[in-house]
Every structure is written in C-alpha cells, then in structure tokens.
Amino acid sequence: MTNYQLEHSDMTYYYKLGNIPHKRHTQFRQANGSLYHEELISIHGFAGVQSLLYHLHPPTQIEKILREERVEIPFAETGALLHRHLRTATVETGGDAIASRVPLMANTDVCIFVARPTTAMKYWYRFAHGDEVIFIHEGSGILESQYGLLRYQVGDYLVIPTGVMWRIIPDAGIEQRMLVIEAQGHIEPPARYLNRYGQFLEHSPYCERDIRPPDELITHDEAGEFEVRVKARDRITSYLYRHHPLDVVGWDGHLWPFAFNIEDFEPITGRLHQPPPVHQTFEAPGFVVCSFVPRLFDYHPQAIPAPYNHSNVDSDEVIYYVEGNFMSRKGIERASITVHPSGIPHGPHPGTYEGSIGKERTNELAVMVDTFRPLKLTKYALGLEDKNYSYSWLSHPHTAEPIQG
C-alpha cells in the first residue's frame with residue numbers, strides 16, 4: 001500500500017503512509033530478503049490507540065548513552081494570591097525548539113512554556129510521560145518525526161503524542177514564536193464532540209477534515225552518529241544510534257502527530273453570552289485547552305457581549321493573547337499571558353462591560369489553558385510580570401506597593 005489515506009475507524013482516526021504488509025505481525029521482507037522490523041507504539045497498556053511502524057533496522061539498537069541531565073524548574077515562592085499579567089513578547093530568541101523553552105508555570109498535570117527558537121534541532125526528542133501541544137504564534141517550518149514530515153504555519157496547534165520522536169526545523173529567516181503545553185497524560189478532542197466510534201459529531205467546532213497528518217515519508221538508510229534525547233523522570237537522557245532513527249518504510253494506525261489550525265475552529269455563538277467550554281479545543285487529565293477566535297457577538301436585544309464577573313472555583317485560568325483586541329481587557333499586548341487563579345473573582349476591566357453593548361463582533365485570537373490544580377509560577381515568569389495588573393480593575397490609576405506581612 002502506498003501514498004496515504006485518512007478515514008474513519010472505530011475509536012479514532014485511521015491513517016497509513018508508505019508501505020506496509022497485508023496483515024500485521026506477519027513476515028514483511030526487504031529486497032535483500034531480511035525482515036523489516038515491526039514496532040508497536042501504543043498507549044494505555046495496549047488497550048488504547050496505537051500504530052505499527054516498519055523499520056529497516058531494529059529501533060532498539062542503542063550504540064552509546066552519551067549523558068543525562070537533570071531538568072529542574074526554578075519555581076518562585078508561592079507568595080500572595082494575585083491575578084498576574086506576564087509580558088512574554090520580550091523573551092529572548094536563541095537556540096532550538098527545546099533549548100529555547102522558558103518554563104513559566106506548572107503543576108503535576110501540565111507545564112507551560114514559551115519559546116523563540118532560531119535554529120533547527122540537530123537531534124531528535126521524545127517526551128516519555130505525555131503528549132505535547134506546540135502552538136505556533138509566529139513562524140513556519142517542518143515537524144519531522146518517524147511518521148514523516150508535517151509542515152507547520154502560523155496558527156497551528158502541533159499535537160505530538162508521547163512515543164513520537166521528533167525535531168523542529170524552522171524555515172530559514174522566519175521568526176518563530178511558540179506556546180508549549182507539556183501534559184502529563186494524553187491530549188484528546190473533547191469527548192462531548194465525539195460519537196461512540198470516535199467520529200466528530202455534527203455540532204462539533206471542528207472535524208476530521210481540519211486535522212493535518214504527516215504527508216511525506218522519507219526513509220533514511222544511513223550509518224553514522226545520530227542523537228536522540230528522551231525526557232523522562234525529571235531528566236533528559238541522550239542516546240547515540242549508529243543507524244538513522246527515521247528508517248521507517250511505512251506505518252498505519254491511530255497514534256500519530258498532527259496539526260490543527262486555530263482558524264479552522266468554528267466558534268459556537270448564541271443569543272446570550274456563551275460560557276468558556278464552548279471554546280474548548282482539547283482536553284487532557286487535569287486541564288483543557290480552548291481557542292478564542294473571531295466571531296459574532298450575542299444577538300439578544302439586551303445582550304451584554306463582554307463576559308460577566310466569575311470566580312474560578314475549581315481552576316486556574318491562563319490566557320495567551322495572540323492577535324486582535326480582547327474586548328474585556330485593557331493593557332494587554334500581543335504575546336501577553338494572564339493568570340487568574342482560583343480563589344478570587346475576575347471579570348471585564350472597567351468600561352469594557354458597558355462598552356461592549358451594541359458591538360456585533362470581535363476579532364480576538366487567544367489560547368486558554370484552564371487547569372484543575374493550582375499552578376506554580378517560575379522565577380522566569382515573575383521576571384516578566386506587570387506588577388500593577390492586580391489593581392487594573394480599579395476605576396482610578398494605582399501603582400503596586402509591597403505586600404504587607
């Protein structure tokens with residue numbers, strides 16, 4: 001079987017690329033008579049989604065363990081409970097898509113980074129404890145993995161399942177800016193938008209046609225020195241292989257990296273203001289990811305388009321501002337991040353609640369992560385903080401003062 005094919009299947013979305021045998025776990029021979037080496041990548045202990053890959057060489061042949069480095073996140077002291085505004089636009093550029101990551105906040109379920117890489121990764125990388133989402137705010141290039149090549153562009157969510165060995169090769173001369181969400185678990189579409197076969201329902205805000213799999217499989221049969229880094233158990237271990245790790249001639253299954261562009265998210269609107277779950281794009285253990293996109297406002301004659309004041313009783317709300325003017329916020333910049341923790345209410349800034357009446361649409365673009373456990377901020381985050389943000393709901397200017405006690 002050659003070329004590629006995307007179709008519905010029980011559980012989720014079946015895809016195949018390259019050459020595979022008619023039956024799984026059967027003899028599949030190379031031109032010289034030797035066997036291709038089958039590899040199963042699966043989740044949930046063989047009971048979840050999976051894919052079968054066929055290698056020229058066994059994927060187990062480690063030539064040398066180069067080193068291991070401990071990964072430590074420099075958390076700040078917890079301090080007072082505050083709403084926060086982080087200005088990430090000024091984060092420095094440099095390094096590759098892993099080295100340039102700046103951790104801003106984390107809990108036991110998720111870690112959120114920003115990154116501004118300038119160089120291609122010279123190694124391949126795998127996160128062993130969960131899936132990753134890389135939101136492309138700026139830039140274009142290639143996500144390369146054992147599943148093939150996947151081109152990315154502005155607005156893409158790159159969803160990379162655990163088990164995928166990948167690297168990012170930015171297009172030369174194109175500035176890159178990324179929001180990275182590292183999950184301690186698996187990232188999936190919201191269950192309420194799927195039928196029992198895993199197919200998107202008619203009322204879902206996106207569907208299978210919007211999902212872009214890898215579309216070009218290049219099989220490498222090269223000897224040399226090839227580095228693969230694996231992040232696991234708070235360490236990154238580097239392994240050296242003698243054969244090129246992207247030696248796959250074909251694969252099929254349900255587990256593969258994909259791109260979904262935020263502009264393909266179809267907003268759900270109503271006569272009255274819709275709650276944040278209508279923006280939900282992905283879910284994972286302990287958090288959800290939502291997309292705020294250009295949309296028409298509420299059309300009840302007495303509607304107030306701006307959100308009402310609300311308390312995040314069970315979650316910390318993180319919003320990354322991408323483009324446009326957010327109708328309920330003042331003083332927010334492109335690439336700003338607001339953090340509204342559980343425990344204290346927040347809502348529209350002064351003047352925006354009344355000022356939204358009569359407006360017909362918004363052109364805002366933003367990514368929201370709502371977590372169900374408290375987040376801890378890092379020292380990097382505090383170095384980007386707008387110290388006056390907690391007072392921004394006052395109707396008169398206020399400058400932050402040292403917190404007493």
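Is tryptophan 393 buried, partly exposed or exposed, and what is its relative accessibility? In this predicted model, tryptophan 393 has a relative accessibility of 22%. Buried means under 20% and exposed means over 50%, so tryptophan 393 counts as partly exposed.

An open sheet is built from 8 strands, in the order 16-20-13-10-15-8-7-28. The pairing is antiparallel. Strand 16 (211-212) and strand 28 (376-377) stand at the edges. Each has a single partner strand, so one side of each is left without a neighbour in the sheet.

Strand 13 covers residues 156-160, and strand 20 covers residues 258-261. The two run antiparallel and are joined by 4 bridges. Tyrosine 157 faces phenylalanine 260 of strand 20, standing opposite it.

The structure holds 17 aromatic pairs. In one of them, phenylalanine 135 and tyrosine 157 have ring centres 5.2 Å apart. Their planes meet at 55°. Planes over 60 degrees apart would count as edge-to-face and those under 30 as stacked, so this pair is tilted. Phenylalanine 135 lies in strand 10 (residues 132-138) and tyrosine 157 in strand 13. The pair thus links distant parts of the chain, 22 residues apart. Both phenylalanine 135 and tyrosine 157 are buried.

Return now to tryptophan 393. Its ring pairs with that of tyrosine 389. The centres are 5.2 Å apart, and the planes stand at 65°, which makes the pair edge-to-face. Tyrosine 389 has a relative accessible area of 2% and is buried. Tryptophan 393, at 22%, is partly exposed.

Which residues do ring pairs link into a cluster? They are Tyr13, Phe135, Tyr157, Phe200, Tyr206, Phe260, Phe265 and Phe282. Phe135 and Tyr157, the tilted pair, belong to this cluster.

Charged side chains also sit over rings. Arginine 101 lies over the face of phenylalanine 113, 5.4 Å from the ring centre. Lysine 376 lies over the face of phenylalanine 75, at 4.9 Å from the ring centre.

Next come the charge pairs. Side chains of opposite charge can pair when their charged atoms come close. The whole structure contains 20 salt bridges. One of them joins arginine 84 and glutamate 385, with the closest N and O atoms 2.8 Å apart. Arginine 84 lies in strand 6 (residues 84-87), while glutamate 385 is in the segment after helix 2 (379-382). The pair therefore ties together parts that are 301 residues apart in sequence. Both arginine 84 and glutamate 385 are buried.

Strand 6 has another contact. Arginine 87 forms a salt bridge with glutamate 333, and here the closest N and O atoms are 2.5 Å apart. Glutamate 333 lies in the loop between strand 24 (316-323) and strand 25 (336-340), and arginine 87 in strand 6, so this bridge ties together parts 246 residues apart in sequence. Glutamate 333 is partly exposed at 35% relative accessibility. Arginine 87 is partly exposed at 27%.

The loop between strand 24 and strand 25 also holds arginine 334. The side chain of arginine 334 meets that of glutamate 323 in a salt bridge of 2.9 Å, N to O. Glutamate 323 lies in strand 24, 11 residues apart from arginine 334. Arginine 334 is partly exposed, with a relative accessible area of 38%. Glutamate 323 is partly exposed too, at 32%. Elsewhere, salt bridges that share partners join Arg67, Glu69, Glu227 and Arg229 into one network.

Conventions. Residues are numbered from 1 along each chain as its sequence is written. This is a predicted model: local features need pLDDT of at least 70, side-chain atom pairs count only at pLDDT 80 or more; totals for chains, interfaces and linings use all residues. Side-chain values use heavy atoms; hydrogens and water are left out. Two strands pair if DSSP finds at least two bridges between them. Rings of Phe, Tyr and Trp (its six-membered ring) pair if their centres lie within 6.5 Å; planes under 30 degrees apart count as stacked, over 60 as edge-to-face and the rest as tilted. Buried means under 20% relative accessible area, exposed over 50%, partly exposed in between (1.4 Å probe, protein chains only). A charge sits over a ring if NZ of Lys or CZ of Arg is within 6 Å of the ring centre and within 35 degrees of the ring normal. A salt bridge is a side-chain nitrogen of Lys or Arg within 4 Å of a carboxyl oxygen of Asp or Glu.
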